[in-house]
Amino acid sequence: MIGILGPVRVLGGDVHIGPRERAVLARLVLDANRVVSVDRLIDAVWQGSPPASARGQVAILVSRLRRSVPQVITTASPGYVIRLSDDDADWCRFNALVARSRACGDRMGAVALLREALALWRGVPFEDVPGLRAESARLQSARLDAAEACAELELELGLHDRVGKELAALVAEHPLRERARAQLMVAHYRSGRRAEALRVYQDARRALVEQIGLEPGPQLRVVHDQILRDALPSPVPVETPSQLPRQPLPFAGRVAETAFLDEALSDGVDAPGAVVVCGPSEVGKTALALRWAHQRLDRFPDGQLYADLAAGGPVLDRFLRALGVRAIPDDPGEKVALYRSSVARRRMLVLLDNASDSAQVAALLPGGPHCRVIVTSREPLDEFEARFGARQLFLEPLGVEESRALLAMLLGREWVAAEAGEVARLSAMAGGFPLVLRRAAARVGRVGCARSRAALVPA
């Protein structure tokens, strides 16, 4: 990919191009799939002071670029044209994502697309190409427009806490952006900081009057008036998926395993963030995962996603719908990108049950730093561990004391104390497998109930 949203680079390869080639490439990418005249290329390289041999030198620079970049550069009167798809250059990709966000039928999907677009930026465009400083302002204006559009949608969804810091930084860098000022006022007000919201307005008025001699525009004045009257419209609530199945109760043992999950799924920056709980069927993998998840719900305020991968079906589509995305793309790669963008800034848990292999899991992994993932599988997923840094926990059957404790919870402490032989027999028969032990306890309970009913029948 060719990158111009920052220093001009040919990304994803070890390609070095000189400063004049960078200027020609940047000018061509700016007008991708359209003819760029030789005169405009000369201006980009020599900034209005070209040598007499400028036309010949441009031809040489284009020839060098044709050997350095995989994209096609063709001659077309009165200059050249570079043929690019949306994925060939970050500027093309940015524009395509922004256009898709405008056509998107739902707010969350549009936010995800805009976040993906904004993540393409690596710095100030054309700092290394002096002849394109004017074009740099155009690109930065497009970035600011996209950032404000994204903030607008997130404020409508009630995500004011998340966008407040970003808006404060944007306003500090661009104090005359009235839309961003108004959005920052809304973010402060909805976060309970009414005085700060009003202070933003006063700062905006001072900057506008001092720098360009104008009073604030209608958007700022309307928001200011709404805050003074405490009449700011309420946001649309964000959809928070809560898909965890009910946890099996009662639950016994697994103290060390729970501590393992706590460590591997902690909030630390160096925590793996993903765990594979593997072991034989009916050893309690899902029960442990659900137990841990339900006890740590407060750590995942933005929701929990769950899928039984053995059941099949379009899991990614279901996840996207649960996240509030209504316009789901057909392309599998676009679905994955949209999913990761949708969860990138959320604190979420993703529980993937009954995975058969690493490939089945890879597309469902969130990319954000605050999401945590638990995968259960009968087999170790070594490739998953190698590629994504996940930790693996092999779940052993319950020990004797843990089996006894589970039976006490299921059948009562008095029964366990009185039926030591039966407890030993059931524990040995179950072999430490919790589900087998639960079935055995259920049969004992049925027999006990039948005897109790018989005792109540008159002779």
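**Figure 1. A cis proline between two strands.** Helices (H or I, at least four residues) and strands (E, at least two) are DSSP runs, numbered from the N terminus. With that in hand, look for Pro78 in the loop between strand S4 (72-76) and strand S5 (79-83). The peptide bond leading from Ser77 into Pro78 is cis, with omega near 10°. Another cis bond joins Leu249 to Pro250, with omega near 0°, and Pro250 sits in the loop between H10 and H11. Most residues other than glycine have a negative phi, and most peptide bonds are trans.

A word on the model before the next views: it is predicted, so local features need pLDDT of at least 70, side-chain atom pairs count only at pLDDT 80 or more, and totals for chains, interfaces and linings use all residues. Residues are numbered from 1 along each chain as its sequence is written, and side-chain values use heavy atoms, with hydrogens and water left out.

Figure 2. The protein has a mean pLDDT of 88, with 95% of its residues at 70 or more. Residues 449-459 are another story: pLDDT is below 50 there, and beyond near neighbours in sequence the stretch makes zero contacts in the model. Contact means heavy atoms within 4.5 Å.

**Figure 3. The largest nonpolar core.** A nonpolar core is a set of buried Ala, Val, Leu, Ile, Met, Phe, Trp, Tyr and Cys residues joined through side-chain atoms within 4.5 Å. Buried means under 20% relative accessible area, exposed over 50%, and partly exposed in between (1.4 Å probe, protein chains only). The largest core holds 114 residues, and Ile4, Leu25, Phe94 and Leu352 touch the most other members. Helix H6 (residues 133-156) is the top contributor, giving nine residues. A second, separate core has 22 residues, including Val277, Ala287, Ala293 and Leu351.

Figure 4. Rings of Phe, Tyr and Trp (its six-membered ring) pair if their centres lie within 6.5 Å; planes under 30 degrees apart count as stacked, over 60 as edge-to-face and the rest as tilted. The count by this rule is five aromatic pairs. Trp91 and Phe94 make a stacked one, 5.9 Å centre to centre with 10° between the planes. Both sit in helix H4 (residues 90-103), three residues apart, or about one turn of the helix, and both are buried. The charged end of Arg143 sits over the Trp121 ring, 5.8 Å from its centre; the rule is NZ of Lys or CZ of Arg within 6 Å of the ring centre and within 35 degrees of the ring normal.

**Figure 5. Val98, also in H4.** Val98 belongs to helix H4 and is buried, with a relative accessible area of 9%. Leaving aside neighbours within four places in sequence, Val98 contacts Leu114, Ala117 and Ala146.

**Figure 6. Helix H9 and its packing side.** Helix H9 (residues 194-212) has 19 residues and reaches 27 Å from its first C-alpha to its last, close to the 27 Å expected at 1.5 Å a residue. That expected span is 1.5 Å times one less than the number of residues. Which residues of H9 are buried? They are Ala197, Leu198, Val200, Tyr201, Ala204, Ala207 and Leu208, and they pack against helix H8 (178-190) and helix H10 (218-228). Gly213 follows H9 with a positive phi, near 70°.

Figure 7. Glu257 lies in helix H11 (residues 255-264). Is Glu257 buried or exposed? Glu257 counts as buried because its relative accessible area is 16%. Setting aside neighbours within four places in sequence, Glu257 is in contact with Leu288, Leu393 and Leu395.

**Figure 8. Positive phi away from glycine.** Gln47 has a positive phi, near 55°, in a residue other than glycine, and its place is the loop between helix H2 (38-46) and helix H3 (54-68). Asn354 has a positive phi too, near 60°, and lies in strand S8 (residues 349-355). Asn354 is partly exposed, with a relative accessible area of 31%.

Note on methods:
pLDDT = per-residue confidence, 0-100.
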